[in-house]
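Here are a few exercises to work through with the model open beside you. Try each task before you read its solution.

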Amino acid sequence: MQDADGNVLASTVFGWPTNRNQWWLKPQLALDSPLPIACRYESEPFWANIHGFHSRTHNPMLDTIELKNFEKLVHAPAVICIPIHQPFGQIGAVSFSRPESEQLDLSKEFEIHADSLERVSRRFVTSYSRLTCRRSRIPQNCRLTDREVVCLRWAAIGKTDAEIAQIIHRSCATVRFHIQNARGKLDAVNRSQTIFKAAQLGFLGSAAVTNA
């Protein structure tokens with residue numbers, strides 16, 4: 001995140017110590033750090049250290065994330081992390097840690113401050129995103145039918161038109177018709193982008209695929 005003059009907010013506003021690695025100069029961090037990875041699987045606040053992820057409700061998917069180099073990748077022995085899930089599939093992460101602290105257990109701080117940290121983090125990140133996003137990504141007021149959604153959900157998990165037709169008991173032509181209709185509504189250039197844009201709008205979310 002930067003201000004209008006290109007100054008990095010982590011340094012100029014939030015006071016990231018000059019004697020520590022400037023993580024914003026390392027794009028690979030977003031792929032290697034366990035915090036952004038965890039935020040792809042979790043939408044509620046949590047705190048974490050080398051021993052694991054700790055939240056109010058246990059998420060078994062977080063147990064599979066490698067934490068061996070936690071402090072090196074996170075730049076702190078323990079952090080409170082707030083996942084920020086936004087429209088169009090954007091996922092952000094805000095982390096809080098004690099400067100120059102070796103504290104490993106943040107359970108008390110998490111219990112006291114997690115809710116307020118979530119409120120200010122969400123407000124800050126979503127406001128920043130709105131101010132900096134200038135491009136319209138999706139046609140306005142796009143509405144897909146139930147059948148179009150079902151076909152795209154099956155396509156998203158790798159099913160061919162023939163397989164989808166067999167699953168929903170319709171012809172291949174009918175399946176292609178629904179996917180082509182969705183493609184036009186989403187202003188997509190091909191099947192892959194149709195699925196991508198449908199996912200951005202939440203049509204392909206956690207709901208189970210049915211034979212609707």
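The exercises below concern a predicted model, and each comes with a worked solution.

**Exercise 1. Find which residues touch the most other members of the largest nonpolar core, and which elements give two or more residues to this core.**

Solution. Start with the members: there are 19 residues in this core, and Leu144, Leu152, Ile164, Ile168, Val175 and Ala198 touch the most other members. Next, turn to the elements: α6 (146-156), α7 (161-168), α8 (172-185) and α9 (191-200) give two or more residues each. Of these, α6 gives the most, with six residues. Now pick out leucine 144: leaving aside its neighbours within four places in sequence, its contacts are Val149, Leu152, Ala182, Lys185, Leu186, Ala198 and Phe203.

**Exercise 2. Describe α9 from its start to the residue that follows it.**

Solution. Begin at the start of α9, where a side-chain oxygen of asparagine 190 comes to within 3.2 Å of the backbone nitrogen of serine 192. Moving along the helix, you will find Thr194, Ile195, Lys197, Ala198 and Gln200 buried. The cover over the buried residues of α9 includes α6 and α8. Finally, glycine 202 follows α9 and has a positive phi, near 85 degrees.

**Exercise 3. Is strand β3 largely enclosed or open, and which strands are joined to β3 by bridges?**

Solution. First check burial: seven of the eight residues of β3 (residues 78-85) are buried, so the strand is largely enclosed by the rest of the structure. Then take strand β1 (residues 46-49), which runs antiparallel to β3 and is joined to it by four bridges; here alanine 48 has valine 79 of β3 as its bridge partner. Strand β4 (residues 91-96) is also antiparallel to β3, with six bridges, and histidine 85 stands opposite isoleucine 91 in β4. Last, look at the turn: β3 and β4 form a hairpin with five residues between them, and phenylalanine 88 in the turn has a positive phi of about 65 degrees.

**Exercise 4. Work out how many aromatic pairs the structure holds, then describe them.**

Solution. The structure holds two aromatic pairs. Phenylalanine 14 and phenylalanine 124 pair edge-to-face, 5.7 Å centre to centre with 90 degrees between the planes. Phenylalanine 14 lies in the loop between α1 (9-12) and α2 (29-32) and phenylalanine 124 in helix α5 (residues 107-132), so this pair ties together parts that are 110 residues apart in sequence. Now compare accessibility with the cut-offs: phenylalanine 14, at 55%, counts as exposed because the limit is over 50%, while phenylalanine 124, at 33%, is partly exposed. Phenylalanine 46 and phenylalanine 53 also pair edge-to-face, 5.5 Å centre to centre with 80 degrees between the planes. Phenylalanine 46 counts as buried at 0% relative accessibility, and phenylalanine 53 counts as buried at 13%.

Technical notes
Residues are numbered from 1 along each chain as its sequence is written. This is a predicted model: local features need pLDDT of at least 70, side-chain atom pairs count only at pLDDT 80 or more; totals for chains, interfaces and linings use all residues. Side-chain values use heavy atoms; hydrogens and water are left out. A nonpolar core is a set of buried Ala, Val, Leu, Ile, Met, Phe, Trp, Tyr and Cys residues joined through side-chain atoms within 4.5 Å. Buried means under 20% relative accessible area, exposed over 50%, partly exposed in between (1.4 Å probe, protein chains only). Contact means heavy atoms within 4.5 Å. Two strands pair if DSSP finds at least two bridges between them. A polar contact is a pair of N or O atoms within 3.5 Å; within protein, one must be able to donate a hydrogen and the other to accept it, and residues adjacent in sequence count only if both atoms are side-chain atoms. Rings of Phe, Tyr and Trp (its six-membered ring) pair if their centres lie within 6.5 Å; planes under 30 degrees apart count as stacked, over 60 as edge-to-face and the rest as tilted.
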